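Dear colleague,

I am passing on the structure below, and I would be glad if you could look it over with the notes that follow it.

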Amino acid sequence: MKYNCILAVDGLDGVIKFNENKIDLVLLDINLPKKTGIEVLKEIRKKSKVPVLMMTSYNDEQYKITAFSSLCDRIYRKTFLSFITWDKNKSNFKKILSWG
């Protein structure tokens, strides 16, 4: 299976690129300039049910509650170990992509 990645430099750019492309999966950070990840997620949900995985370095439960109430599919806490376990998570990402 081949994947293409579209990179956005900030939240506003992310919304623009989402609207201009066919996106199958969104990996979204909560802490973004111009529009927060939560704001981007709300914009995405107005138009699409595409799977959205959010990443955060925050340990604050309120961010998680807000993200889930905005209908993200999963939240990952950014740590060094989360990057080491990427191989383990690849199968989870493949399952999420097959939800469509």
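On confidence, the mean pLDDT of the chain is 78, with 61% of its residues at 70 or more. Helix H1 has the highest confidence in the chain, at a mean of 96, whereas helix H4 (residues 80-84) has the lowest, at a mean of 50. Where pLDDT is low, the predicted coordinates should not be read in detail, and I would ask you to keep this in mind when you look at H4, with its mean of 50.

As for the overall architecture, the chain has five helices and three strands, and its elements follow one another from the N terminus in the order α-β-α-β-α-β-α-α. Of the 100 residues in the chain, 33% are buried, and among the contacts with a separation of 6 or more, 48% are between residues 24 or more positions apart.

Turning to the strands, E1 (residues 26-29) and E2 (residues 52-56) run parallel and are joined by four bridges; within this pairing, Leu27 has Leu53 of E2 as its bridge partner. Together with helix H2 (residues 37-47), these two strands form a β-α-β unit that is right-handed.

The largest nonpolar core consists of 14 residues, and the ones with the most contacts inside it are Val26, Leu28, Leu41, Ile44, Val50, Val52 and Met54. At least two residues of this core are supplied by each of H1 (11-20), E1, H2 and E2, and the largest share, four residues, is that of H2. In soluble globular proteins, nonpolar side chains tend to be buried together.

Why does Val40 count as buried? Its relative accessibility is 3%, and therefore Val40 falls under the 20% cut-off for a buried residue. Leaving aside residues up to four places away in sequence, Val40 touches Gly11, Val15, Leu28 and Lys35. The C-alpha atoms of Val40 and Gly14 are separated by 7.3 Å, although the two residues lie 26 residues apart along the chain.

With best regards

Notes: Residues numbered from 1 in each chain as written. Predicted model: local features only at pLDDT ≥ 70, side-chain atom pairs only at ≥ 80, totals over all residues. Heavy atoms only, no water. Pairing = 2+ DSSP bridges. Right-handed = clockwise from strand over helix to strand, strands pointing away. Core = buried A, V, L, I, M, F, W, Y, C linked by side-chain atoms within 4.5 Å. Buried < 20%, exposed > 50% of the residue type's maximum accessible area, 1.4 Å probe, protein only. pLDDT = per-residue confidence, 0-100. Contact = heavy atoms within 4.5 Å.
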